Structures are given as structure tokens and as C-alpha cells.
Amino acid sequence: MKNYTFPVIFIILFFSHIQMDAQLRLPSIISSGMVLQQNDSAALWGWAGPAEKVSVTTSWNNRTDSTITGNGARWKLKVKTPAAGGPFIITISSRQSVQLQNIMVGEVWVCSGQSNMEWSYNNGEKDTRTELAACATNNIHFFQVPKTTADAPQDDVKAQWVACDSNTLKSFSAVGYFFGKKLQQQLNVPIGLINTSWGGTPAEVWTPDGLVENDAQLKTAAAKLTPAAWWPHQPGYTYNAMIAPFTSFSIAGAIWYQGESNTNTNDTYYQLFTTMIDAWRAAWKKDFPFYYVQIAPYKYGNNNIGALLQEAQTKTMQHPNVGMVVITDLVDSVTNIHPSHKREVGNRLASWALAETYKKPRIVYKNPEYRGAKVKDGSLVVDFSNANNGLQIKDKIIRGFYISGANENWQPAAAKLEKDKIILSNKDIKNPLYIRYGFGNTFSGTVFSTEGLPLVPFRTDTWKVDQSPVK
């Protein structure tokens, strides 16, 4: 009888040796097809055997950088990226070698929020349909983060970089795509879009849990969130799994479309939202621009909760390096929480980025806003910022203004446009003091800048607002 013990042991040891040597591993965001931030010191990282040398060679300059893996089997180094271009090759070597192909260098943006950011052609978004025939380009790449949660920060996600084409676009964020398309056309550089969004999610789940749990007001508000079968509500759960894994990846900035799921906790949203923004910036170690969409008009079950959430979002404009897009005119039905047209939403976000981040001149991107009012002959003369070329009225009728005297007695205002000012009056309000415009869940804009951007909804009073169930 033959003895097979030695050959078997040899085979086991041989393949064990191969396995021990084959330690080099990369996170999914560091892979073929990725877009690196241009003119930056971009981090590359992964895992290999402890105390193992890892070398990185970049084809744009044929330079090799190296580092030694720590005792946690993790390595990380930074490479200098050139001005926009590509495709390039990156070779990463230790005891084995990995070659990353079709690397582009350009501008990288994170797209996040709930369903209106997630909404795609596959969800019924209408504007993407006309893009499919001619959208294929190697100058826009997508990284679609799958829906997943974790109770502690993770180091990887199961995703891959893909170039934009008629198939990959169908499942990608329409807002993100139109934002990226306009940037690509105007800047003429490759664009990388990281879509990490989940319909129905409140902002708490995108915020590190300690920042919520250790703040009395935010913790109390989070306890009011209603569990659902379709999305998480626990603080930090999507931040840990869908943001934390790539906070070392260099980005230009972030766009955000969320708020509908926080309407019932609107009184703490400003604090929560700014806390989340600052937490992301701290994680990336960069004060990147953060542009967001004010929620659209919708028929909520309680009075004014949408208006109060919009008000919190407007207040967030006081925060550094942010910008808000108003879409009160982009709604086809106030009974549909997912306005179907996303092209203009993405374009307006892109205008903010082009003007503020990329300093492109002659771009009108700021919505007209209330600046002040004076009492004159029993009327209020209202002045607006961001209306240098005047205002225009949709359908030639000014709707949505209410005024009140010292004692709360809101009455609809007769409104007259005079260049960049609006005159408000009501025969029953002899001494008008306070103004509300578009303050309600379902109001659609009627006042616009000459360039077509809607006036930001506002109120000048601080009275308690009815949030009772709609009867």
C-alpha cells in the first residue's frame, strides 16, 4: 500500500504558502475605473502581510512610492495626482502585484440623502429616459454604494466603479447624474460620482451615533423616529456602513437631498443637519463644500411640518461653505413625495458648485431671498437680495403672501411688483408688521428672479406654528 502522507502534506504546505503570500487586498473604492481627485494628495490604502513593503507606481509620472504595512496588516500612502486626465494605470505591488486600469483624474463628489437622491430611471424618473441613447462616456464614472448598515464604522463596501452608459445610468441617482453631467460639460474634466443614499432615512442615521446619543436634544428627537420595514432609524447605522468606509478617499465635495423623514422633528433639524455636515468634514479632514436641496412641497399629514423643515434648511445657509437649491417650482403634484423631474434639480446644484467651488463667472445660482421690509402708508414694502435684475411673477399673479399686525391675525396680502420690490397690503390690517411667503406644506412658488429661480419661502415672525394633524 502506497503512503500518500508526504505528497498531501507537501500540497497543503505549498498552497498555504501561496495563501500567506497572497495578502494584498484593496478596498472596493480603490479599484479599476476609479476617479481620483485632481491636483491633490490622494490616499491609497489596503491590506497586506504585517511588516510587508507595498509599492505603488502611477503611470502619469512613472513614480514609485512605497510604505510598510503596520502590525494591523493595513497600509496607506498618498500619491500626488496631476491635473485632470486619463485613462491611467496604477500598479500596486507587495509579494504579489495588482494593476488598476482605466484610472481617471478629475473631480469627485459624494451624492447622498434619501429617496429623492436615490431616485433613478428604474424608479420611474422621467428626465433620464432621453439621456440613455447618448449617455455613454468614460468621462463620468459611478460608484454605487449598496444599502447596508452597521453598528460600528466599517472599512469597506461591496461596490465597483463603472463608466456611465445606458445600463449603468438606469439604476444611478438621476440628481447625481445631471449634476455630474453639467460639471463635466462646463469643466471638461472627468467626474466621479459616489452615490450613497437610502430612501426614507432620517438624517440621524447618516450622523455618527455618538454625536446624537451624547446630545440631549438630538437624543430626544431621535427617540421619536418611527421604525419602518424599509429603512433604518438608528443613529449612525448608515454612516458606519455607507460613509465611513471611504472617508479617506479624496473628494471635491458633497450634494445632499433629504429632510422629508425629519419633518416630525423639524425643531432639531438645524442642529442635527449642521452636526452631520461638520462630522463628515471632520472625517474627511477637509472643509469641503456641501450643497443641498430644500424639500419640495408635499401634502404631509400634519400642518406646516414641511414648512418648518424648509425653514430649518434655510437657516442652515448660515453655516460655512454650504448652498441651498429651492425647488418649489419643480413639483408636478403635491401628493407625490418624489417629484419626477430631476434634471433641473441636478443642474441647480451644479450651478452652485460651478460658481462657488470652481469660481466660474456669470453664473446665476442664488435664489432671491427676503432682505427686509418697511412700513409705508399702511403697506409693507419688501426688499430682496439676489434679485439684481429684478423679479418676475409666474402666471402674472402673486400668490402666497400673508401679513399680520402685532396681534396674530394672518390675512392674505394683495401684492404688487415694483422692479425688485413687492408691495403688500390688506384692508383689514391697518398696521402690518409681519410677513409670510410660501409658508405651508404644499405651496408652489409664484415669485422668481428674472433668471427663473424661485423666491425662498420665509416668515418674519417667531410665533408658534400649528402642527396638528390635517383634518
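A: In helix 3, Val 175, Phe 178, Phe 179, Lys 181, Lys 182, Leu 183, Gln 186 and Leu 187 are in contact with a set of residues in helix 9, namely Arg 343, Val 345, Gly 346, Asn 347, Leu 349, Ala 350, Ser 351, Ala 353 and Leu 354; contact means heavy atoms within 4.5 Å. The model is predicted, and local features need pLDDT of at least 70, side-chain atom pairs count only at pLDDT 80 or more, and totals for chains, interfaces and linings use all residues. Residues are numbered from 1 along each chain as its sequence is written, and side-chain values use heavy atoms, with hydrogens and water left out. Helices (H or I, at least four residues) and strands (E, at least two) are DSSP runs numbered from the N terminus.

The axes of helix 3 and helix 9 come within 7 Å of each other and cross at roughly 45°. Helix 3 is therefore oblique to helix 9, oblique being the class left after under 35 degrees (roughly parallel), over 145 (roughly antiparallel) and 65 to 115 (roughly perpendicular). These axes are lines fitted to C-alpha atoms over the stretch in contact, with angles from 0 to 180 degrees between N-to-C directions. The crossing of helix 3 past helix 9 is right-handed, that is, the near helix is turned clockwise from the far one by less than a right angle.

Helix 9 covers residues 343–357, and its 15 residues at 1.5 Å a residue should span 21 Å; the end C-alpha atoms are 20 Å apart, in agreement with that. The expected span is 1.5 Å times one less than the number of residues. Eleven of the 15 residues are buried, so helix 9 is largely enclosed by the rest of the structure; buried means under 20% relative accessible area, exposed over 50%, partly exposed in between (1.4 Å probe, protein chains only). The buried residues are Val 345, Gly 346, Asn 347, Arg 348, Leu 349, Ala 350, Ser 351, Trp 352, Ala 353, Leu 354 and Ala 355. Their cover includes helix 3 (174–187), together with strand 7 (97–113), strand 11 (253–257), strand 12 (290–293) and strand 13 (322–325). After helix 9 comes Lys 359, with a positive phi near 55°.

Positive phi values also occur in two loops. Asn 304 is not a glycine, yet its phi is about 65°. Asn 304 is placed in the loop between strand 12 and helix 8 (305–315), and its relative accessibility of 17% makes it buried. Lys 396, also not a glycine, has a phi near 60°. Lys 396 belongs to the loop between strand 16 (391–393) and strand 17, and at 81% relative accessibility Lys 396 is exposed.

Strand 17 (residues 401–404) and strand 21 (residues 434–437) run antiparallel and are joined by four bridges, with Ile 403 opposite Ile 435 of strand 21.

Two further details concern other strands. The peptide bond between Gly 86 and Pro 87 is cis, with omega about 5°, and Pro 87 is in strand 6 (residues 85–93). Ser 385 lies in strand 15 (residues 379–385) and is buried at 16% relative accessible area. Leaving aside residues up to four places away in sequence, Ser 385 touches Asn 367, Pro 368, Glu 369 and Arg 371.

Terms used
Two strands pair if DSSP finds at least two bridges between them.
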